[in-house]
Every structure is written in structure tokens, then in C-alpha cells.
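This report examines a helix pair and several salt bridges. Please view the sequence and the structure before reading on.

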Amino acid sequence: MPTPQFLQSLQTGLRYWQAQTEDNSDEAIRRLDAERQNIYRLVQYGQRVPELWPDTAVLALNTFYLVERRGYWPEWIPVLEQAANEWAQDDVRLKIQLLHRLGYLYQAARQLPQAVAVHVQAEQMAQIFGDAHLLSQSRFYLCADHRHLRQYDSAEAYGLQALAGFEQQQARDKWYAGIWNELGLIAYHRGDLTLARQRLETAVAHYRQLGRTTDLLRTLNNLIGVARAEKRYDLALDYYEGAAPYFEVVSSEFDRIMFEVALGGTMFELGRYPEAEAAFRRANTPYLQRSPHIHQRALVWQCLGNALLKQDQLAESGVCLQESARLWAVASDDLMLANTLGTLGELYGAKGEGETAVSYLDQAIGYLEKYPDDAMAVRLRAEFTALKQEQRRT
């Protein structure tokens with residue numbers, strides 16, 4: 001049985017770190033990262049003492065931005081699960097907020113059905129609780145969940161509901177900026193690039209005004225994707241140059257890595273394959289390969305395999321593409337898996353192994369048929385079908 005003095009000491013520690021973790025600026029995240037194990041240890045102590053559960057739950061919630069930006073969600077998901085299910089039972093608002101953050105970490109870990117389930121639970125609780133802003137936040141998260149599932153009609157419906165709610169509440173905060181980013185990504189995936197640009201530029205303007213550097217960079221990266229899809233490569237490079245001054249400011253190494261991927265993709269599409277390869281190799285850092293960012297790890301291996309294939313470095317390209325395919329399967333992303341399988345079909349065609357090439361292309365086309373309203377899937381299906389016909393003629 002802990003002594004009253006020990007309990008008082010723990011509560012003092014919990015409240016001290018609650019205050020420290022309220023600041024989610026990049027500078028604060030870097031400071032907190034050095035104290036991560038101390039915070040984690042304090043939460044482990046707090047979870048054993050029911051009297052301290054409310055304070056422990058608040059600290060678990062506040063630590064979210066450190067966890068998200070530094071990729072610590074494998075160890076933090078169980079903490080948030082316990083916080084939402086046990087520690088915040090007497091505080092409905094706190095429980096809803098914990099469910100929001102837990103669902104986001106499920107989303108980051110590619111556990112998308114779990115993300116939807118907890119965000120639906122949060123939405124229902126927010127409706128009963130009668131908090132309009134929390135309800136709009138729940139719909140924001142559900143919009144993102146369904147976008148990741150490539151269920152764009154549902155994503156758009158949730159996104160427009162969230163936007164209407166934020167506008168009715170006159171909330172020009174991070175949530176308002178964030179829903180414009182989500183709606184922009186939905187338009188991008190559907191192939192409506194003009195609408196995507198308008199929505200993403202709106203998000204950028206609000207993030208600049210709010211001084212949210214990490215979110216600003218992520219949205220600029222999305223705009224690079226739009227510019228590349230439009231084949232406006234000078235504009236893509238302009239976005240990259242506009243983001244570059246922030247690279248040393250942000251606390252997330254992952255976000256810097258994704259700009260290397262964006263630069264490499266632009267070089268690839270310009271036919272500058274050695275430069276693309278160099279950028280993808282810079283992105284493929286030890287940090288990334290040790291991280292839980294399965295989706296992005298798969299993307300980097302795919303991109304590197306593509307760049308090597310274009311330079312006829314077939315053996316190394318095959319190794320990269322096989323690793324990418326393995327990771328896409330782990331991430332349960334059939335569309336991106338199809339992209340990699342189709343590229344393997346191209347590789348085996350280049351090696352003169354036509355039957356193997358056709359086998360990979362058939363697998364890819366089969367996956368792509370599941371996504372009739374995704375612009376990338378439609379484009380890849382046409383490309384891989386033409387490549388398959390070419391293989392059968394040779």
C-alpha cells in the first residue's frame with residue numbers, strides 16, 4: 001500500500017507534466033522527447049492507483065503530440081486504451097477526447113476498423129453529451145478514417161458535416177484548418193485536382209495564421225502531390241522550396257523524410273532518375289526503417305525500386321519492390337500493393353520472363369478493380385492492362 005506521501009509525490013509529478021505537455025509546439029516536443037521515459041514511467045505508476053486515474057488520463061491525453069510526431073504509438077496505444085476505458089469514466093469530455101486520440105493512433109498503425117469503431121463511439125457520446133465542437137471533431141476523425149479506407153463518399157459526407165459544424169461554431173482553429181486538408185485529399189484521390197488545390201490552399205492559409213508548422217508542412221507536401229498530378233513540376237519544386245526553411249524547425253524526422261520522397265518523386269517524373277534515387281536513399285533512413293510508419297516504409301521501398309528499374313538495376317530493384325509488397329500487405333493497403341505488384345510485372349517483363357510478368361500484372365489488376373472511383377487506381381489499371389497486352393504479344 002503506497003504511503004500518503006508517495007501518492008502526493010506522484011500527483012505532484014503528474015500535474016507538473018500535465019502542464020509541461022500542454023505546449024505542443026515543435027520546440028516543446030523536442031524538449032519532451034528527452035523526458036519521454038520519465039513521463040511513461042510516471043503514467044505506469046499512476047495507472048496502478050485508482051485515486052490518480054483522472055490525473056493520469058489527462059497526462060496520457062496531453063502526451064499525444066509527442067507520441068504522434070515521434071512515432072511512439074506502439075507503446076502508447078495500450079495506455080490510451082486503458083485511459084479511455086477505465087481512467088476517465090467520470091469525465092465524459094475527457095473520455096471523448098481520449099477516444100479521438102486513440103482512434104488516430106489506430107489509424108497511424110493502419111488498424112483502420114478499430115479507428116472507425118472508437119470514433120463512432122466518440123461521435124455517439126458527443127451527441128448525447130451535447131457538445132457541438134466535440135461532435136464536429138469526431139466527424140473530422142471519421143472523415144480521415146474513411147479516406148484511409150478509400151471510402152470517399154463516406155469520407156466526404158463526414159468531412160462536410162464537420163466543416164459545417166466548425167463554421168456554425170465560428171471555430172477558425174486547427175480543426176477547421178485540418179478538415180480543409182482532409183477534404184482536399186479526398187478531392188485529390190478522386191482526381192478533381194482544381195478542387196483539391198483550392199481546399200489545400202485554404203488549409204495552408206489557416207495553418208500559417210495559426211503558426212502550426214508541422215501541419216503546414218504536411219499540407220504543403222499534399223500540394224506537391226497535386227502539382228505532380230497536374231504535371232506542373234516547377235510548381236511542385238516551388239512548394240518544396242517554400243517548405244525547406246521549416247525542415248530544421250519541425251520536431252518530426254518523419255515529416256522531413258516525406259519531403260525527400262516528394263522531391264524524389266518529382267525528379268522521377270522529370271526523368272532525372274539518378275537524382276530521384278539519391279532522394280529516395282536519403283529518405284530511407286535508419287530512423288524510418290526502425291519506425292512503426294509501415295505505410296511510409298513501403299512507399300520508400302516502392303519509390304527506390306522504381307528509380308532503380310528505370311536505370312536497369314533489376315536485381316536491386318526486385319529486392320526493394322518485394323520488400324515494399326510485403327509491407328503494403330502488412331499495412332492492408334490493396335491499392336498500393338497493386339501498384340507495387342504491377343511494377344514487379346514491369347520488372348519481370350524487362351528480364352524477359354513474360355509469364356511471371358503477366359502473373360504479377362493480373363494480381364495487380366484484380367486489386368485495382370476494387371477501387372472504381374480512385375483516380376490513381378483507374379490510371380494504374382489502364383497502364384497495367386496495356387502492359388499485360390504488350391507482354392502477351394512478345
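The axes of helix α8 (residues 112-129) and helix α9 (residues 132-148) come within 9 Å of each other and cross at roughly 160°. Because angles over 145 degrees count as roughly antiparallel, α8 is roughly antiparallel to α9. By class, the contact between α8 and α9 has 11 nonpolar, five polar and three charged residues, where contact means heavy atoms within 4.5 Å.

The model is predicted: local features need pLDDT of at least 70, side-chain atom pairs count only at pLDDT 80 or more, and totals for chains, interfaces and linings use all residues. Residues are numbered from 1 along each chain as its sequence is written, and side-chain values use heavy atoms, without hydrogens and water.

A salt bridge is a side-chain nitrogen of Lys or Arg within 4 Å of a carboxyl oxygen of Asp or Glu. By this rule the count comes to 30 salt bridges, including those tabulated here.

| Salt bridge | Closest N and O atoms |
|---|---|
| Arg70 and Asp33 | 3.2 Å |
| Arg150 and Asp374 | 3.6 Å |

Arg150 and Asp374 are both buried, a term for under 20% relative accessible area, with exposed meaning over 50% and partly exposed in between (1.4 Å probe, protein chains only). Arg70 is also buried, since its relative accessible area is 17%. Arg218, at 22%, is partly exposed, whereas Asp255, at 4%, is buried. Salt bridges with shared partners join Arg110, Arg150, Asp333 and Asp374 into one network.

Note on methods:
Axes are lines fitted to C-alpha atoms, for helices over the stretch in contact, and angles run from 0 to 180 degrees between N-to-C directions. Helices (H or I, at least four residues) and strands (E, at least two) are DSSP runs, numbered from the N terminus. Angles under 35 degrees count as roughly parallel, over 145 as roughly antiparallel, 65 to 115 as roughly perpendicular and the rest as oblique. Ala, Val, Leu, Ile, Met, Phe, Trp, Tyr, Cys and Pro count as nonpolar, Asp, Glu, Lys and Arg as charged, and the others, Gly among them, as polar.
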